[in-house]
Amino acid sequence: MSAEPNKVHKEKRGFLEFLAVKAELPSDVLGGDFHIELRGRNTLFMQGCRRILKYSPDEMIMSARGFAVVIEGERLICSTYHSGTVTVEGNILAVRFDLPDSEEKNR
C-alpha cells in the first residue's frame, strides 16, 4: 500500500517539472517550495518565507517549508517582506539551512 502514494508523488513531481521546463521556471517554485536568489554579497531575495524567526543586524533566521534559512552577516536589514517574499540587504557572509528548533528537539 505504501508504494501507491509514492507513485502518485513521483507522477505529480514529474508533471510539475514538465510545467516548470515549459514555463522556464525552477521546478521547486511550482511545487510550493522556496526560492533563494543571491546577488553578489549584498542582496538576498527569498520567496516562500513563512515567518521571520530572528531579526538582528548580524543574523536573520526565516522559516521555510520544513527547515530554517539562516543568513549571517553585518548590517543586515529586511528591506521588503510581503506575501512570503523577503529581501535582505547588507554584508552577507553566509547562508545555511537548518532544521527548525521543534524538529531538532524531536531527533
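These notebook entries record what I looked up in a predicted model.

**Entry 1. Cysteines**

I searched the whole structure for disulfides and found zero. I then checked C49, which is in no disulfide; its nearest cysteine sulfur belongs to C78 and lies 8.0 Å away. A disulfide requires the two sulfur atoms to be within 2.5 Å, so a separation of 8.0 Å rules out this pair. I also looked up burial for each cysteine. C49 is buried, at a relative accessible area of 7%. C78 is likewise buried, at 18%, where the cut-off for buried is under 20%.

**Entry 2. Nonpolar core**

I next asked which residues of the largest nonpolar core touch the most other members. Of its 14 residues, these are L44, M46, M62, I71, L76, V86 and V88. I listed the elements that give two or more residues to this core: strand 2 (43-47), strand 4 (59-64), strand 5 (67-82) and strand 6 (85-98). Strand 5 supplies the largest share, four residues. In soluble globular proteins, nonpolar side chains tend to be buried together.

**Entry 3. Surroundings of V88**

I took V88 from the core list and set aside its neighbours within four places in sequence. The remaining contacts of V88 are N42, T43, L44, M60, M62, I71, L76 and I77.

**Entry 4. Surroundings of N91**

I located N91 in strand 6. Which side chain makes a polar contact with the side chain of N91? I found that of E74, at 2.8 Å. With neighbours within four places in sequence left aside, N91 is in contact with R41, E72, G73, E74, R75 and L76.

Conventions
Residues numbered from 1 in each chain as written. Predicted model: local features only at pLDDT ≥ 70, side-chain atom pairs only at ≥ 80, totals over all residues. Heavy atoms only, no water. Buried < 20%, exposed > 50% of the residue type's maximum accessible area, 1.4 Å probe, protein only. Core = buried A, V, L, I, M, F, W, Y, C linked by side-chain atoms within 4.5 Å. Contact = heavy atoms within 4.5 Å. Polar contact = N/O pair within 3.5 Å; in protein donor to acceptor, adjacent residues only side chain to side chain.
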